[in-house]
Amino acid sequence: MLGLFSAQKRRREAFEREALPHLDALHAYALHLCRSPADAEDLVQETFLRAVKSLPSFRGEVPVQAWLLSIARRVCADDVRRRQRARRLAERLERVAVT
């Protein structure tokens with residue numbers, strides 16, 4: 001069991017060593033996508049969460065920065081879709097309340 005924890009620690013340290021240097025570029029990209037500093041912060045956090053979760057499947061075929069930026073793009077697209085669904089639901093509820 002101790003070997004499992006040390007392997008996880010090594011993976012976490014390797015991730016930090018490889019991913020954290022790209023934090024500024026990721027934040028700039030998130031700000032470009034979101035146009036809102038607060039939303040950009042959320043996007044960066046969600047990007048790193050998803051990256052950590054998918055780290056076991058990362059094979060290193062692309063540079064880490066490209067991988068992170070592609071995750072950020074998907075996080076942003078997911079957020080746009082979520083907001084659109086929420087807006088459509090609010091509009092439907094408003095129409096129901098008026099009738």
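The side chains of Arg50 and Glu46 meet in a salt bridge at 3.1 Å, N to O, where a salt bridge is a side-chain nitrogen of Lys or Arg within 4 Å of a carboxyl oxygen of Asp or Glu. Both residues lie in helix α3, four residues apart, about one turn of the helix. Helices (H or I, at least four residues) and strands (E, at least two) are DSSP runs, numbered from the N terminus.

The model is predicted: local features need pLDDT of at least 70, side-chain atom pairs count only at pLDDT 80 or more, and totals for chains, interfaces and linings use all residues. Residues are numbered from 1 along each chain as its sequence is written, and side-chain values use heavy atoms, with hydrogens and water left out.

A search of the whole structure finds eight salt bridges. Three of them are listed here.

| Pair | N to O distance |
|---|---|
| Arg50 and Glu46 | 3.1 Å |
| Glu13 and Lys9 | 3.9 Å |
| Glu61 and Arg59 | 3.1 Å |

Salt bridges that share partners also join Asp39, Asp79, Arg82 and Arg83 into one network. Glu13 and Lys9 are four residues apart in helix α1 (residues 2–19), and are therefore separated by about one helical turn.

Relative accessible area is classed as buried under 20%, exposed over 50% and partly exposed in between (1.4 Å probe, protein chains only). Arg50 is partly exposed at 29%, and Glu46 is partly exposed at 30%. Glu61 is exposed at 61%, and Arg59 is exposed at 65%.

Arg35 has a positive phi of about 65 degrees although it is not a glycine. Most residues other than glycine have a negative phi. Arg35 sits in the loop between α2 (23–34) and α3 (37–54), and is exposed, with a relative accessible area of 64%. Gly60 is in the loop between α3 and α4 (64–98), and is partly exposed at 47%.

At the level of the whole chain, the secondary structure comes to four helices and zero strands. The radius of gyration is 18 Å, whereas a compact globule of 99 residues would have one near 13 Å; the radius is taken over C-alpha atoms, and the globule rule is 2.2 Å times the number of residues to the power 0.38. The C-alpha trace spans about 65 × 35 × 25 Å along its principal axes. Buried residues make up 20% of the 99 residues.
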